[in-house]
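Have the model open and work through each step.

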Amino acid sequence: MAFPLFSSQAAGIRERCQSDPATKLRLRYAPYYHAMEAQQGTNVRLNGRDMIMLASNDYLGLSFHPKVIEAARGALLTWGTSATGARVSNGSRAYHLDLEAKLAAFLGKEACHIHAAGYLSCLSGVAAFAQKGDIILADKNIHSCLWDGIRLSTATVERFSHNNPDDLRAVAASLPPGTPKMTVVEGVYSMEGHIVRLPEIAAVAAEFNSFTVLDDAHGFGVLGRQGRGTADHFGLTDQIDIICGSLSKSLASTGGFVAGSRALIEYLRTHGKHTLFSASLSPAQTAAAAAALDILQTEPEHLERLWSNTRRYTAMLKSLGLDTWDTETPAVPIVLGSKERAYAFWQALMEKGVFTVMSITPAVPPGKDLIRTAISAGHTDEQLERIADAMAYAKKRS
Ligand SMILES: Cc1ncc(COP(=O)(O)O)c(C=O)c1O
């Protein structure tokens, strides 16, 4: 989306793009789009320097797991590089059905559909089910893919304050009772690391007969039994209509999923434009996700290590007096409050060989400019010590 402050209505599209101040600012300070020259787990090389990756979503550290790599290689040799088509026509394969069945069983839902990106899955999890005349109740901090899904649905949207069931109830109570409603939340808020207050939110949704969509991109693999996700963590899987998420985080692949009752998933396959008209997930990525899903159920040590690393890391940040926005999960923001401080902090970490990502307004609420970090089961004790030293240095420099 263009920076509204700087948009010029009069300029033509080429001129507007060429003179865009936000793009110029990004290119000048270059905090984004870094391309690593090499990677091995949580070690990356950037501009010839070895660095610790502290910003990826490889929560369980499975992207270099030998079984995941072997599964992807096997699928590539058996099935080639791509099915080169949409599922509805020529792009459906046995490996897709296999992963969908495994995911549905793991999540405790009847059926599942996978897409080539988590963004597509989560967008479709809203857009395929809501329509004009419906009202969508959305947590104001939901991810961009859910906002896109809301916009494409053409339903009316009402925001409620972040993770606040009382506000959700107040907004829902002010709406016409007979109108179909949908409540849209995340399991773990990607920027803040907050866990959704699902028991209270699901109770309000039930009170107002609202269809409920849970984007669990950051809760899947992290919360719940063996990493079954946020709904499982609260024992509320049956009260959520749609659980959607990404394969590019704990499952160390790319792609996404939408899970629900068989009737809902068949409806998605009939009406979801992103399901109907986009090519299917590649064989290698599907096999990688399926292998990672097996590992979640057979090697509990990765989830245990993730949480012990998370506890150690967040305790260290707190001991330095850094503001972690009350995160409860391995998604850990460090709130600096202004873009200048965030930039100085980010640069100091880079200097010390720790790679993180800066997130500034309008991507976060005003005053919440932050460094977004994520801990992984793959971080070693030695790396955690180096990260602690770097954080202490960055705090002094910002
Ligand atoms: C909450 C949330 N939903 C959906 C997505 C999209 O997933 P993907 O990056 O796999 O397309 C993301 C990605 O960061 C996310 O944070």
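**Exercise 1.** Describe how helix α4 and helix α12 pack.

*Solution.* Step 1: α4 covers residues 94–107 and α12 covers residues 283–298; they pack at an angle of about 30°, with their axes 10 Å apart. Axes are lines fitted to C-alpha atoms over the stretch in contact, and angles run from 0 to 180 degrees between N-to-C directions. Helices are DSSP runs of H or I with at least four residues, numbered from the N terminus.

Step 1: that angle makes α4 roughly parallel to α12 (the term applies to angles under 35 degrees).

Step 2: α4 contributes Tyr95, His96, Asp98, Leu99, Lys102, Leu103 and Phe106 to the contact, and α12 contributes Pro283, Thr286, Ala287, Ala289, Ala290 and Leu293. Two residues are in contact if their C-beta atoms, placed from the backbone, lie within 7 Å.

A note on the source: this is a predicted model, in which local features need pLDDT of at least 70, side-chain atom pairs count only at pLDDT 80 or more, and totals for chains, interfaces and linings use all residues. Residues are numbered from 1 along each chain as its sequence is written.

**Exercise 2.** Now characterise the whole chain.

*Solution.* Step 1: count the elements, and you find 15 helices and 14 strands (strands are E runs of at least two residues).

Step 1: the C-alpha trace spans about 55 × 50 × 45 Å along its principal axes.

Step 2: of the 398 residues, 48% count as buried, with 20 or more other C-beta atoms within 10 Å of their own.

Step 3: among contacts between residues at least 6 apart in sequence, 71% join residues at least 24 apart.

Terms used
Angles under 35 degrees count as roughly parallel, over 145 as roughly antiparallel, 65 to 115 as roughly perpendicular and the rest as oblique. A residue is buried if 20 or more other C-beta atoms lie within 10 Å of its own, exposed if 12 or fewer, and partly exposed in between; C-beta atoms are placed from the backbone.
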